[in-house]
Amino acid sequence: MWENSQSKERSRSIWLPRVVVVDSIEPEVDGVATYSLRAKSEDKDSTQFAPGQFNMLYIPGCGEVAISISGSSHDGTLMRHTIRHVGRVTNAIANLQPGSELGLRGPYGTAWPLAECMEKDVVLVAGGLGLAPLRPVIEAIVSERHRFHKVNLFIGARSPELLLFAKEYEAWTQADINVQVTVDRDPQELGYHTGVVPLLIDRWQPRDPQKLVAIVCGPEVMMDYSARSLQNKGLKGESIYLSLERNMQCAVGVCGHCQLGPDFICKNGPVLKYDRVKHYFAVRDL
Ligand SMILES: Cc1cc2nc3c(=O)[nH]c(=O)nc-3n(C[C@H](O)[C@H](O)[C@H](O)COP(=O)(O)OP(=O)(O)OC[C@H]3O[C@@H](n4cnc5c(N)ncnc54)[C@H](O)[C@@H]3O)c2cc1C
């Protein structure tokens, strides 16, 4: 009886968003802003997450969207979400102000393999908004830098003004992360390396590819080419981690909207090993 009521409570709570409050809004690049959210209740656990996980953000009367957690405040009371305003729900989020309330379910999904990265060389590869889910990993590495060996961070964007979190690159460099940036186009000739992000991988010489962990996030085509370049450098597919985006509705592995083969991306992902998903990249428009 007790078991039953407890599991009923649990199954009810996965569908119930809790109320969070917009603490502040930081404009990033064109059409993208970071929303810092705090829990309305005193429940400290409600802002706990592992880097790589995502939340479902809910605007009443409009809908719910999956958004990666792009960071937290130092005291852990705020969760950040960096959002591109592209459609119905994300444009409604764009109309929020500090003090506005919204619903949040989560965190959900698998995390980046931080424990596996410890005492090893690490390479992080980000394309466009893909840097958002990587920022909590970068912050975790910076806060315990001595636990990681050589860290490379390759960042790509379409043009210089679309480079996300550009103000933070200097601090990451100061923390002994080798930050390299490339843009597809540099029309004002600001001196950026031009070309797609896998080219940065092609130019790089890893120390010991067999003992290296790679974390890659961005558009699918960019992740596929980056993973191939990493394999050409000698990395094993099982040491390359990607984050997949699919249409998510329930976020708890029930509805099947995000199913890819045997995997529900919301539950078995979004972070998955390249080895496990690479055959899907060969299927057009999947
Ligand atoms: C695990 C996961 C993590 C995610 N993390 C983030 C994140 O950190 N930040 C973020 O901004 N988004 C993120 N997304 C994508 C986000 O969920 C979608 O952009 C959102 O669902 C769009 O909802 P909407 O109602 O605003 O747009 P809709 O009204 O559903 O779509 C409007 C139009 O926008 C197009 N569209 C939808 N998504 C995108 C997109 N990502 N880029 C360009 N066009 C798009 C659609 O094809 C459609 O034509 C994530 C998705 C997943 C599955």
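Q: Which residue in the hairpin of β5 and β6 takes a positive phi?
A: Gly76 does, with a phi near 75°. The hairpin has five residues between its strands. Strands here are DSSP runs of E with at least two residues, helices are runs of H or I with at least four, and both are numbered from the N terminus.

Q: Is this an experimental or a predicted model, and how does the numbering go?
A: It is a predicted model, where local features need pLDDT of at least 70, side-chain atom pairs count only at pLDDT 80 or more, and totals for chains, interfaces and linings use all residues. Residues are numbered from 1 along each chain as its sequence is written.

Q: What does β6 pair with over seven bridges?
A: Strand β2, residues 32-39, in the antiparallel sense. Within that pairing, Thr34 has Thr82 as its bridge partner in β6.

Q: Is β6 mostly covered or uncovered?
A: Mostly covered, with five of its seven residues buried. Buried means 20 or more other C-beta atoms within 10 Å of the residue's own, exposed means 12 or fewer, and partly exposed is in between, with C-beta atoms placed from the backbone.

Q: What sheet do these strands belong to, and in what order?
A: An open sheet of seven strands with antiparallel pairing, ordered β4-β3-β7-β1-β2-β6-β5. β4 (63-68) and β5 (71-72) are at the edges with a single partner strand each, so one side of each has no neighbour in the sheet.

Q: What about the sheet with mixed pairing?
A: That open sheet has seven strands as well, in the order β11-β10-β9-β8-β12-β13-β16. Its edge strands, β11 (193-194) and β16 (271-273), each pair on one side only.

Q: How do β8 and β9 pair?
A: β8 (residues 121-127) and β9 (residues 151-157) are parallel, with six bridges. One of the bridge pairs is Leu124 with Leu153 of β9.

Q: Which helix packs on that sheet?
A: Helix α4, residues 131-143, which touches β8, β9, β12 (212-217) and β13 (240-243). The direction of α4 makes about 155° with that of β8. Axes are lines fitted to C-alpha atoms, for helices over the stretch in contact, and angles run from 0 to 180 degrees between N-to-C directions.

Q: New topic: which domains does the chain have?
A: Domain 1 is 14-108 and domain 2 is 114-281, with bounds from an automatic or database domain assignment. Their centres, taken over C-alpha atoms, are 22 Å apart. The contact takes 18 residues from domain 1 and 19 residues from domain 2, where contact means C-beta atoms, placed from the backbone, within 7 Å.

Q: Which elements give two or more residues to domain 1's side?
A: β3 (54-59), β4, β5, β6 and β7 (101-108).

Q: And the ligand: how many residues surround it?
A: 20, and the closest are Ala66, Ser68, Gly87, Val89 and Thr90. To count as near, a residue needs its C-beta atom, placed from the backbone, within 6 Å.

Q: Which element gives the largest share of that shell?
A: β4, with five residues. The elements giving two or more residues are β4, β6 and α2 (88-94).

Key:
Two strands pair if DSSP finds at least two bridges between them. Two residues are in contact if their C-beta atoms, placed from the backbone, lie within 7 Å.
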